[in-house]
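Here is a short briefing on one protein model. Please look through the sequence and the coordinates first.

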Amino acid sequence: MRFLKFVLSIILSVCILWGVLVYFGPIIFSKLLRMQFGESIQVTGVEITPKLNIKIGEIGVNFSEDSETLWSGEARGLIVEFSKVFPRPHITIGFGSGHISNYGSFKKANVDILLMGFLDWSNIDVEAIFSDIETVDGALVDTIDFACNLLPKQKKLTVQSIDLNDVSIPYYGGFESK
């Protein structure tokens, strides 16, 4: 009887914790972002689904105060999914349309982040695919595949590959495909 009571109390605790995360998760997530990045990242419309995926209506990023060049932008319709926690956590972020100031806009993006461990953010592998890109100079790119490695403590970003597919560059009188 004690064993059954113990098992049921664990199940009840997990259910209560799950409910708290679904209900209070958006507030906790927004506060954690604000604590980590200050006013550099602003999120609105945050929801936590019953599968514990994070949905963000809009995200605004502004790192122009911290760097010499302006790096700011916004994206809509983000979905953050966590999978395969062991041995290396995998985070997938899907973006709707977005715009990066002084660079251009995109219609869709998928970013895969692979961490060394659940709490080990010392070495981050990133793969991203951006679709339907239009630069501020008017160039059109069908997709950009981007792979990099980020070492946050050393503030080092190593680009492993960048592939551009179906690039159209504007010239006087129309577009030229490259």
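Predicted model: local features only at pLDDT ≥ 70, side-chain atom pairs only at ≥ 80, totals over all residues.

Residues are numbered from 1 along each chain as its sequence is written, and side-chain values use heavy atoms, with hydrogens and water left out.

**Fold and surface**

- The protein chain holds one helix and eleven strands. Helices (H or I, at least four residues) and strands (E, at least two) are DSSP runs, numbered from the N terminus.
- Along the sequence the pattern reads α-β-β-β-β-β-β-β-β-β-β-β.
- Of the 178 residues in the protein chain, 29% are buried. Buried means under 20% relative accessible area, exposed means over 50%, and partly exposed lies in between (1.4 Å probe, protein chains only).
- The accessible surface of the protein chain is about 12,500 Å². Carbon and sulfur atoms own 63% of that surface. The areas come from the Shrake-Rupley method with a 1.4 Å probe; for residues, only the protein chains shown count as cover.
- Among contacts with a separation of 6 or more, 31% link residues 24 or more positions apart. A contact means heavy atoms within 4.5 Å.

**Aromatic pairs**

- The count comes to three aromatic pairs. Rings of Phe, Tyr and Trp (its six-membered ring) pair if their centres lie within 6.5 Å; planes under 30 degrees apart count as stacked, over 60 as edge-to-face and the rest as tilted.
- Phe95 and Phe106 make an edge-to-face pair, at 6.4 Å centre to centre and 85 degrees between the planes. Phe95 lies in strand β4 (residues 90–95) and Phe106 in strand β6, so this pair ties together parts that are eleven residues apart in sequence.
- Phe106 and Phe130 form an edge-to-face pair too, with 5.3 Å centre to centre and 70 degrees between the planes. Phe130 sits in strand β8 (residues 124–135) and Phe106 in strand β6, so the pair ties together parts that are 24 residues apart in sequence.
- Phe95, Phe106 and Phe130 form one aromatic cluster.
- Phe95 and Phe106 are buried, with Phe106 at a relative accessible area of 9%. Phe130 is partly exposed at 22%.

**Salt bridge**

- The count is one salt bridge. The rule asks for a side-chain nitrogen of Lys or Arg within 4 Å of a carboxyl oxygen of Asp or Glu.
- Glu58 and Arg76 form a salt bridge, and their closest N and O atoms are 3.3 Å apart. Glu58 lies in strand β2 and Arg76 in strand β3 (residues 72–83), so the pair ties together parts that are 18 residues apart in sequence.
- Glu58 is partly exposed, with a relative accessible area of 23%. Arg76 is partly exposed at 43%.

**Single residues**

- Phe37 belongs to helix α1 (residues 2–37). Phe37 is partly exposed at 36% relative accessibility. Its C-alpha is 9.8 Å from that of Val61, 24 residues apart along the chain.
- Thr49 is in the loop between β1 (41–48) and β2 (54–62). Thr49 counts as buried at 14% relative accessibility. Leaving out residues up to four places away in sequence, Thr49 touches Val22 and Lys55.
- Asn102 is in the loop between β5 (98–100) and β6 (104–106). Asn102 is exposed, with a relative accessible area of 52%. Asn102 and Asp137 are 35 residues apart in sequence and 9.3 Å apart in space, C-alpha to C-alpha.
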